[in-house]
Amino acid sequence: KNCRSKIALVLAVDLPLVTPDSVRVLADLATSLPKYLAVVPRQSDGRPQPLFAAYRAKFCVRSLEELINEDPQASVKDFLDRISPKYIDPVRLSSDPDLLVNVNTSEDLDALSNIRATS
């Protein structure tokens, strides 16, 4: 609600491989696609990654509030279905195939470190 810009970029803290360049590309895409309320990358398994996405703040907050008022148990998927975002392949944001790797545990971090060391 307090976003001062037209586009709010959301970035979860557990996506350590997201770079400033990929953030800029996402912001540029969102700006260049004004007919969409959001631009959301899809992970390698096809699921959307709504926590590294760009949203048209004023319109999305209204949709989100309406959804929560209608169904307090609504999911992020329900929200995305409501706003019909532009889904993109993460290769548009970065050449790093691991861009959207999620790290929640020390084991996840170790696994990522091992992958990066052998690359």
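In this predicted model, the largest nonpolar core holds 14 residues, and Leu-26, Val-39, Phe-52, Ile-88, Leu-93 and Leu-99 are the ones that touch the most other members. A nonpolar core here is a set of buried Ala, Val, Leu, Ile, Met, Phe, Trp, Tyr and Cys residues joined through side-chain atoms within 4.5 Å. Buried means under 20% relative accessible area, exposed over 50%, and partly exposed in between, with a 1.4 Å probe and protein chains only. Two elements, helix H1 (20-32) and strand S3 (52-56), each give two or more residues to this core, and H1 gives the most, with three residues. Helices (H or I, at least four residues) and strands (E, at least two) are DSSP runs, numbered from the N terminus. In soluble globular proteins, nonpolar side chains tend to be buried together.

Leaving aside neighbours within four places in sequence, Leu-93 is in contact (heavy atoms within 4.5 Å) with Ser-22, Val-25, Leu-26, Leu-29, Pro-41, Phe-52, Ile-88 and Leu-99. Another core lies apart from the largest one and has nine residues, including Val-40, Cys-60, Leu-67 and Leu-80.

Residue numbers start from 1 along each chain as its sequence is written, and side-chain values use heavy atoms, with hydrogens and water left out. Local features need pLDDT of at least 70 and side-chain atom pairs count only at pLDDT 80 or more, while totals for chains, interfaces and linings use all residues.

The overall layout comes next. The chain has four helices and four strands, which follow the pattern β-α-β-β-α-α-β-α along the sequence. Its C-alpha trace spans about 45 × 35 × 25 Å along the principal axes. Of the 119 residues in the chain, 34% are buried.

Strand S2 (residues 38-41) is covered on both faces: Ala-38 and Val-40 are buried on one side, and Val-39 and Pro-41 on the other. Two strands pair if DSSP finds at least two bridges between them. S2 runs antiparallel to S3, joined by two bridges, and Ala-38 has Tyr-55 in S3 as its bridge partner.

Ala-30 belongs to helix H1 and is buried, with a relative accessible area of 5%. Not counting residues up to four places away in sequence, Ala-30 touches Ile-7, Val-39, Ala-54 and Arg-56.

The largest pocket has a volume of about 450 Å³. On a 1 Å grid over the protein atoms alone, a pocket is an open set of points with protein on both sides within 12 Å along at least five of seven lines, and lining residues have an atom within 4 Å of a point. Of the 23 residues in the lining, Tyr-55, Ala-57, Cys-60, Val-61 and Phe-79 are the closest to the centre of the largest pocket. Strand S1 (7-11), S3, helix H2 (57-70) and helix H3 (76-83) each give two or more residues to this lining, with H2 giving the most, eight residues. The lining divides into 16 nonpolar, three polar and four charged residues.

The second largest pocket has a volume of about 270 Å³. Its lining has 18 residues, and Gln-43, Ser-44, Pro-97, Leu-100 and Val-101 lie nearest its centre.

Note on methods:
On a 1 Å grid over the protein atoms alone, a cavity is a set of points where a 1.4 Å probe fits but cannot get out, and a pocket is an open set with protein on both sides within 12 Å along at least five of seven lines; lining residues have an atom within 4 Å of a point. Grid points are joined across faces, edges and corners, and a volume is the space filled by probe spheres set on the points. Ala, Val, Leu, Ile, Met, Phe, Trp, Tyr, Cys and Pro count as nonpolar, Asp, Glu, Lys and Arg as charged, and the others, Gly among them, as polar.
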